[in-house]
Amino acid sequence: MYQPPGVKTSPDLAVPDLMKAWVLGDPDQLFLREKPTPIPSRAEVLVRIDAVAICATDLEIIHAGSPASIQGGAPFNKNFTPGHEYMGTVAALGPDVDEFKIGERISVEIHAGCGQCKRCRQGMYTSCLNYGKPEKGHRANGFTTDGGFAEYAVNHINTLARVPDSMSDAEATLVVTAGTSMYGLTELGGLVAGESVVVIGPGPIGLLAVAVAKALGASPVILTGTRNAMASRLIREPAHTEQYRSLISSSASSACAEAWCTTDP
């Protein structure tokens with residue numbers, strides 16, 4: 001049974017030595033294989049994957065993605081496991097990790113910077129100068145290091161966010177995707193409650209941007225695009241503000257502003 005040196009496990013959450021994982025074959029091929037269950041090192045945990053979403057970028061990687069240029073043979077690394085939008089349960093703790101407990105439900109971020117290059121020290125870890133070098137401490141699960149199309153994955157503690165009991169596994173897979181919209185609204189745009197927001201394009205991130213903008217008190221929220229039924233339902237139904245607040249740690253009012261939708265002809 002799984003018990004690497006220095007790694008803390010629990011009899012309440014048994015971990016196998018081998019796990020099932022989807023791996024790349026030739027372009028546009030995935031195969032279900034057995035792989036050794038990964039081992040977390042310092043400041044890392046082992047995550048049992050409970051749910052995973054499929055991003056368009058995953059399809060690009062399966063076709064001819066980043067392992068081709070970073071870890072690949074010809075045409076790319078055929079033992080690579082993609083998948084980066086996932087959530088799960090902390091199953092084991094790396095040496096001296098006490099920031100999380102075994103059994104906690106978490107969602108994950110893709111990137112963990114090396115922590116030592118200039119960009120990481122500036123907080124720009126998604127542009128880490130050691131990108132693609134796990135030996136230097138960089139991880140980009142599903143891109144340069146094995147991801148979530150498996151039973152287990154290793155994640156740095158800086159990439160984990162606790163999931164409240166009120167949130168389903170399926171919803172929790174989109175926490176980081178919602179964070180993308182949050183970043184655009186609060187960091188790049190500097191949204192103040194009461195300001196109007198226009199979202200161009202009702203794709204998944206666009207729809208999440210509408211939900212986040214409403215939770216932050218934007219008024220009105222204008223969505224343009226062509227997914228009429230989905231978009232209309234999202235912006236006209238009352239937002240579950242308390243749930244959004246637990247997700248994004250917002251101090252937005254629980255009263256959500258009326259939103260308006262415009263669609264292209």
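This report describes the fold, packing and selected residues of one protein chain.

## Model and overall content

This is a predicted model, in which local features need pLDDT of at least 70 and side-chain atom pairs count only at pLDDT 80 or more, while totals for chains, interfaces and linings use all residues. Residues are numbered from 1 along each chain as its sequence is written, and side-chain values use heavy atoms, with hydrogens and water left out.

The protein chain has 8 helices and 12 strands; these are DSSP runs numbered from the N terminus, helices being H or I of at least four residues and strands being E of at least two. Of the 265 residues in the protein chain, 47% are buried. Buried stands for under 20% relative accessible area, exposed for over 50%, and partly exposed for values in between, computed with a 1.4 Å probe on protein chains only. Among contacts between residues at least 6 apart in sequence, 68% join residues at least 24 apart, a contact being heavy atoms within 4.5 Å.

Strands of a sheet pair through backbone hydrogen bonds, either parallel or antiparallel. Here an open sheet of 5 strands runs in the order S8-S3-S4-S5-S9, with antiparallel pairing. Its edge strands are S8 (152–156) and S9 (160–162), each of which pairs on one side only. From one strand to the next, the twist averages 45°. Two strands count as paired if DSSP finds at least two bridges between them. Strand S5 (residues 105–108) and S9 run antiparallel and are joined by 3 bridges; Ser 107 has Ala 161 in S9 as its bridge partner.

Ala 43, in the loop between strand S2 (30–36) and strand S3 (44–53), has a phi near 65°, a positive value in a residue other than glycine. At 14% relative accessibility, Ala 43 is buried. Asp 96 is in the loop between strand S4 (85–93) and S5. Its phi is also positive, about 65°, although Asp 96 is not a glycine. Asp 96 is exposed, with a relative accessible area of 76%.

## Strands S10 and S11

Strand S10 (residues 197–200) and strand S11 (residues 221–224) run parallel and are joined by 4 bridges. Val 199 has Leu 223 in S11 as its bridge partner.

Pro 220 lies in the loop between H6 and S11. The peptide bond joining Ser 219 and Pro 220 is cis, with omega about -5°.

## Packing of helices H5 and H6

Two packed helices are described by the angle between their axes and the distance between the axes. Helix H5 (residues 175–188) packs against helix H6 (residues 204–215) at an angle of about 60°, with the axes 8 Å apart. H5 is therefore oblique to H6. Axes are lines fitted to C-alpha atoms, for helices over the stretch in contact, and angles run from 0 to 180 degrees between N-to-C directions. Angles under 35 degrees count as roughly parallel, over 145 as roughly antiparallel, 65 to 115 as roughly perpendicular, and the rest as oblique.

On the H5 side, Thr 177, Ala 178, Thr 180, Ser 181, Met 182 and Leu 185 meet Ile 205, Leu 208, Ala 209, Val 212 and Ala 213 of H6. By class, this contact has 8 nonpolar, 3 polar and no charged residues. In that classification Ala, Val, Leu, Ile, Met, Phe, Trp, Tyr, Cys and Pro are nonpolar, Asp, Glu, Lys and Arg are charged, and the others, Gly among them, are polar.

His 111 is in strand S6 (residues 111–112) and is buried, with a relative accessible area of 17%. Asn 130, in the loop between helix H3 (118–121) and strand S7 (139–140), is buried at a relative accessible area of 11%.

Met 1 is in the segment before strand S1 (18–24) and is exposed, at 72% relative accessibility. Met 1 and Leu 18 are 17 residues apart in sequence, and their C-alpha atoms are 9.2 Å apart in space.
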